[in-house]
Amino acid sequence: QLYQRLETVGKGAYGSVHKGKHIPTGNVVALKIINLDTPDDDVGDIQREVALLTQLRDAPNITKYFGCYMDGPRVWIVMEFAQGGSVLSLMKASKDGCIEEKYVSVIIREVLVGLSYLHKVPVIHRDMKAANVLVTATGKVMICDFGVSALLTTTSSKRNTLTGTPYWMAPEVVQSVPAYDTKADIWSLGIMIYEMVKGSPPHSNLDKFQVMDLIPRAKPPRLLEGEGGKDMRDFMALCLKESP
């Protein structure tokens, strides 16, 4: 047993995430523990995530991956631990539930470094949102949760499957357009800016089926004049272009 499981820090679609300790060195890690006993677990998805993490081992601003171990019916994926938690958890801890603009710009800049690397691979993350961006104790920003990432190994580098969280989805993803590409992540990044500034994504008062119906028909969300500086509002508008 190389790793000791400590407290639970989150629950995801496929299992739980724990703070853990590498017993020989005492280093703190994140342990994503996936139980393969449950019928809704798709082993293929998990294998894809592990393969992708292995490929991205040296990528900037992407959660570092240390290895993968079987423990009976469970898979332990060992990753870098982010002491600060997710951007969403930072929002929840703040007084107004939002992120100050000066920090929004730093987070977005760092996320773009990671996305730029991913998109050259090429990989679409497909689930960019505040909950999937982590901050370490030293303020390093990392993209995590590659559970739905699509490795674009096809020649056309386009995808046509519906995955991700509806509120952050680009119109072409919601409409299951025959193919979409890395631009879908840029739309989600624009929605994430809105989420950090306003405290939640657009249409968060609606259920996900209503939102999926609305996104392709509604005008792209915009921030009002008092809701942040012009540069940030313009940048968000560039991310949220209907025909990029």
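**Reading exposure, contacts and salt bridges**

Q: What does aspartate 234 count as, at 34% relative accessibility?

A: Buried means under 20% relative accessible area, exposed means over 50%, and partly exposed lies in between (1.4 Å probe, protein chains only). Aspartate 234, at 34%, therefore counts as partly exposed. The model is predicted, with local features needing pLDDT of at least 70 and side-chain atom pairs counting only at pLDDT 80 or more, while totals for chains, interfaces and linings use all residues. Residues are numbered from 1 along each chain as its sequence is written, and side-chain values use heavy atoms, leaving out hydrogens and water.

Q: Which residue forms a salt bridge with aspartate 234?

A: Side chains of opposite charge can pair when their charged atoms come close. A salt bridge here is a side-chain nitrogen of Lys or Arg within 4 Å of a carboxyl oxygen of Asp or Glu. The partner is lysine 230, with the closest N and O atoms 2.5 Å apart. Lysine 230 counts as exposed, at 54% relative accessibility.

Q: How many salt bridges does the structure hold?

A: There are nine. Among them, glutamate 100 pairs with lysine 102 at 3.9 Å, N to O, and glutamate 110 pairs with arginine 109 at 3.2 Å.

Q: How many disulfides does a search of the whole structure find?

A: A disulfide is a pair of cysteine sulfur atoms within 2.5 Å. The search finds zero. Cysteine 98 is buried at 15% relative accessibility, and cysteine 144 is buried at 12%.

Q: Which residues does lysine 32 touch?

A: Contact means heavy atoms within 4.5 Å. Leaving aside residues up to four places away in sequence, lysine 32 touches Ser16, Val17, Glu49, Val75, Trp76, Ile77, Met79 and Asp145. Lysine 32 lies in strand E3 (residues 28–35) and is buried, with a relative accessible area of 11%.

Q: Which UniProt annotation covers Lys32?

A: UniProt positions follow the numbering used here, feature names are shortened, and annotations may be inferred rather than shown by experiment. An unreviewed UniProt entry annotates Lys32 as "binding site".

Key
Helices (H or I, at least four residues) and strands (E, at least two) are DSSP runs, numbered from the N terminus.
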